[in-house]
Every structure is written in structure tokens, then in C-alpha cells.
Amino acid sequence: MEKIPWYQDPALAHIDQEKLEFLQNLVFDSQKLNSNEMLPYMLAMASKVQQAGITFTSEEMKIIVDVLKEHSSPEELKRLNMLMNMLPK
């Protein structure tokens with residue numbers, strides 16, 4: 001069985017495509033960054049999200065994080081956990 005890209009996971013079917021495209025760009029762009037570059041990048045992205053009016057409900061965030069974890073390699077999972085720790089609680 002061929003593995004589907006994370007953003008095509010059926011669990012994400014009810015989430016707006018614009019939000020998923022934004023997240024795909026975020027994931028793709030952040031892969032190039034080292035840990036020192038991550039915080040400034042995340043701050044810039046938070047500003048961009050705010051300007052674009054993109055918001056995620058807590059349910060959407062939980063589903064997205066769960067799907068990303070399922071589709072992540074150990075290295076990607078490490079980066080995801082680092083990103084999640086940077087988010088406000």
C-alpha cells in the first residue's frame with residue numbers, strides 16, 4: 001500500500017484546504033532551518049498567519065498534530081516536538 005502525503009490524510013478532510021496548504025509550506029520551509037533559525041522563523045510565520053486571518057481551532061490543531069506524528073520520521077518527529085514546545089500553551 002502506497003503511503004499518502006500527510007496533508008491528504010482522510011482525518012484532515014474537514015479542514016480548509018487553504019489552512020493545509022499553509023501548513024504544508026510551513027513544514028517544507030522549516031525543514032531547512034537549524035534550531036537557532038527556528039524561533040525567528042516561527043515568529044515571522046505567526047505574524048503572517050495573523051495577517052492572513054488564518055486561525056485553527058484546538059480540535060483542528062489536535063487532529064493535525066496527530067496526523068503529522070503518524071506520517072513523520074523520527075527526525076521529523078523530533079522537529080515537530082520542538083515546534084510544538086515553542087507554541088503558547
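α1 passes α2 in a right-handed crossing. The contact is formed by Phe22, Asn25, Leu26, Asp29 and Ser30 on the α1 side, and by Met38, Tyr41, Met42, Met45 and Val49 on the α2 side. Sorted by class, the residues of this α1 and α2 contact are seven nonpolar, two polar and one charged. The model is a predicted one.

The axes of α1 and α2 come within 12 Å and cross at roughly 160 degrees. Angles over 145 degrees count as roughly antiparallel, and α1 and α2 are therefore roughly antiparallel to each other.

| Helix pair | Axis distance | Angle |
|---|---|---|
| α1 and α2 | within 12 Å | roughly 160 degrees |
| α2 and α4 | within 11 Å | roughly 45 degrees |
| α3 and α4 | 9 Å | about 155 degrees |

How are α2 and α4 set to each other? With axes that cross at roughly 45 degrees, α2 and α4 are therefore oblique to each other. The crossing of α2 past α4 is right-handed. On α2, the residues that meet α4 are Ser35, Met38, Leu39 and Met42; their partners on α4 are Arg79, Met82, Leu83 and Met86. The contact of α2 with α4 comprises six nonpolar residues, one polar and one charged.

The pair α3 and α4 packs at an angle of about 155 degrees, and these helices are therefore roughly antiparallel to each other. α3 passes α4 in a left-handed crossing. Val65, Leu68 and Lys69 of α3 make this contact with Leu77, Leu80, Asn81 and Met84 of α4. Its residues fall into five nonpolar, one polar and one charged.

The remaining topic is the largest pocket, with a volume of about 900 Å³. Which elements give two or more residues to its lining? They are α1 (17-30), α2 (35-52), α3 (58-70) and α4 (74-86). α1 gives the most, with seven residues.

In total, 32 residues line the largest pocket, and Leu23, Leu26, Met42, Met61 and Leu83 lie nearest its centre. Of these, Leu26 and Met42 are also among the residues in the contact of α1 with α2. By class, the lining of the largest pocket consists of 24 nonpolar, six polar and two charged residues.

Conventions. Residues numbered from 1 in each chain as written. Predicted model: local features only at pLDDT ≥ 70, side-chain atom pairs only at ≥ 80, totals over all residues. Heavy atoms only, no water. 1 Å grid on protein atoms, 1.4 Å probe; cavity = no way out; pocket = protein on both sides within 12 Å on 5 of 7 lines; lining within 4 Å. Points joined across faces, edges and corners; volume = space filled by probe spheres on them. Helix = DSSP H or I, 4+ residues; strand = E, 2+ residues; numbered from the N terminus. Nonpolar A, V, L, I, M, F, W, Y, C, P; charged D, E, K, R; others polar. Axes fitted to C-alpha atoms, helices over the stretch in contact; angles between N-to-C directions. Parallel < 35°, antiparallel > 145°, perpendicular 65-115°, else oblique. Left-handed = near helix turned anticlockwise from the far one by under 90°. Contact = heavy atoms within 4.5 Å.
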